[in-house]
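This note collects points for a colleague who is meeting the structure for the first time. Please read it with the model open alongside.

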Amino acid sequence: MPNRNNPAFTGLILVSGEDHPGITQRLMSALAQFAVTILDIEQLIIRDRLVLTVLITLDQAHAQAISDELNKLEKELGLDIAIDFEQHEQLSQGAESLRVVIIGEGLKPSGFAAVAAEIANLNGNITAIRRTATKPVTAIELDLTISNHSIKEVQRALASVAIANQIDLAVEPGGRVRNSKRVVVLDMDSTLIQQEVIDLLANHANQGPAVSKITAAAMAGEIDFAQALRKRVALLADLDVSVIDVVRKEIMLTTGAEKLIQTLHAQGHKVGVVSGGFIDVIEPILKDLKIDFYRANKLEIKGGKLTGKIEGEVIDRVAKRQALIDFANGEQVELSQTVAIGDGANDLDMIEVAGLGIAFNAKPKVAAAAATTINTADLSAVLLLMGIGG
């Protein structure tokens, strides 16, 4: 539980009314006449209406004089100014805090109410609410103090509420840790890019329907990924190697992918890709995007033809998890400061172990197992969940 100590006499000032220049300056000039200290301040303007709150400490003997001064200012500015004095126990600086981010194209009161109810059920307290973005979607951030629950427990509890109310939501640590260096790892197929590379290859082998059926079952977690991959690759036997260049030109990045990567790099974060697809096809794309590290499967090629086999070990869900760990260790970043993003069942292990694991436009079974989901088509919405941009 957050500790309360250091009782102090405080004044909570609430200013509201039609916004115009100079309000904050006039208020601060009025307060500057007295021995007060500002503990907290926040301002919000919606449709040209101002709400400004200021929490101060003061000498109790000056309370009436401050009140009289603010009454005069109220008349001069044509605003409503209310002040509430009380003896207050301040929260200690070590209070545990989390941040909840809710994003969506149209946020409904029912969903917001369900989130708030679950926070209360977890014995949490919402200490601040703010809108941080309107594009590509609206983002609302809530600061919480909460006790006796790990962040993973809070993530799982609120994820259930998010799915039930069809909203996208993430839970992260509050404070400075959120801005520390991070490692962000993405799946490739149907995440960083819009297609499944093996489906594109299969189309050139006239095996599209057969491969797509196996792909869908594997991504939904109905069959083992490694087994499914070998079955699908076997159907590509005898394809000419020239098809790799053709397929690469058919690939389209997901909307917002370049913005996500460029913004993360500009903020000093590292970006990796770990794919159940094929390095032969995707490596030039990853180099163009300046991806910092990547792993993927390797097609066996002999005599200018695909043999229908994979070289080396298959990159499956266990290998993806290990890749995230290895990338984080290489950058000396704690797992709590990693982000994993994917859409399929083979992404679940890395999504679970990451500090922030995101199911991106995922299959139902994957979304239900992940702590965070994004159902918008714009990959740059990840930045809002990380508290970047807006």
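1. On the face of helix α10 that points away from its buried side lie Gln262 and Ala266, both exposed. Here buried means under 20% relative accessible area, exposed over 50%, and partly exposed in between (1.4 Å probe, protein chains only). Helices (H or I, at least four residues) and strands (E, at least two) are DSSP runs, numbered from the N terminus.

2. The model is predicted: local features need pLDDT of at least 70, side-chain atom pairs count only at pLDDT 80 or more, and totals for chains, interfaces and linings use all residues. Residues are numbered from 1 along each chain as its sequence is written, and side-chain values use heavy atoms, with hydrogens and water left out.

3. Helix α10 covers residues 257-266, and its buried residues are Ala257, Leu260, Ile261 and Leu264. These residues lie on the same side of α10, because they cover an arc of only 90 degrees around the axis; the arc is that of the directions from the helix axis to the C-beta atoms. The elements covering them include β9 (183-186), α5 (188-192), β10 (270-278) and α15 (381-385). After α10 comes Gly268, with a positive phi near 90 degrees.

4. The largest nonpolar core has 65 residues, and those touching the most other members are Ile103, Leu192, Val197, Phe278, Ile341 and Leu379. Such a core is a set of buried Ala, Val, Leu, Ile, Met, Phe, Trp, Tyr and Cys residues joined through side-chain atoms within 4.5 Å. A second, separate core contains 21 residues, including Ala323, Ala354, Ala359 and Ala370.

5. Which residues does Leu192 contact, leaving aside its neighbours within four places in sequence? Among them are Ala257 and Ile261, together with Leu253, Val273, Leu286, Leu289 and Leu379. Contact means heavy atoms within 4.5 Å.

6. Four strands form an open sheet in the order β6-β7-β5-β8, with antiparallel pairing. Strands β6 (125-133) and β8 (168-173) are at the edges with a single partner strand each, so one side of each has no neighbour in the sheet. From one strand to the next, the twist averages 20 degrees. Two strands pair if DSSP finds at least two bridges between them.

7. Strand β7 (residues 138-145) runs antiparallel to β6, and 7 bridges join the two. Within this pair, Ile126 stands opposite Leu144 in β7. Helix α4 (residues 151-164) lies across β5 (97-104) and β8, at about 170 degrees to β8. Axes are lines fitted to C-alpha atoms, for helices over the stretch in contact, and angles run from 0 to 180 degrees between N-to-C directions.

8. Asp143 belongs to strand β7. Is Asp143 buried or exposed? Asp143 counts as buried, because its relative accessibility is 14%. Beyond its neighbours within four places in sequence, Asp143 is in contact with residues including Leu98, Arg99, Ile126 and Arg130.

9. Thr57 is located in strand β3 (residues 49-57). Thr57 is buried, at a relative accessible area of 17%. Not counting residues up to four places away in sequence, Thr57 touches Ala8, Phe9, Thr10, Ala35, Val36, Thr37 and Leu39.

10. For the protein as a whole, there are 15 helices and 15 strands, and buried residues make up 49% of the 390 residues. The C-alpha trace spans about 90 × 40 × 40 Å along its principal axes. Of the contacts between residues at least 6 apart in sequence, 67% join residues at least 24 apart.
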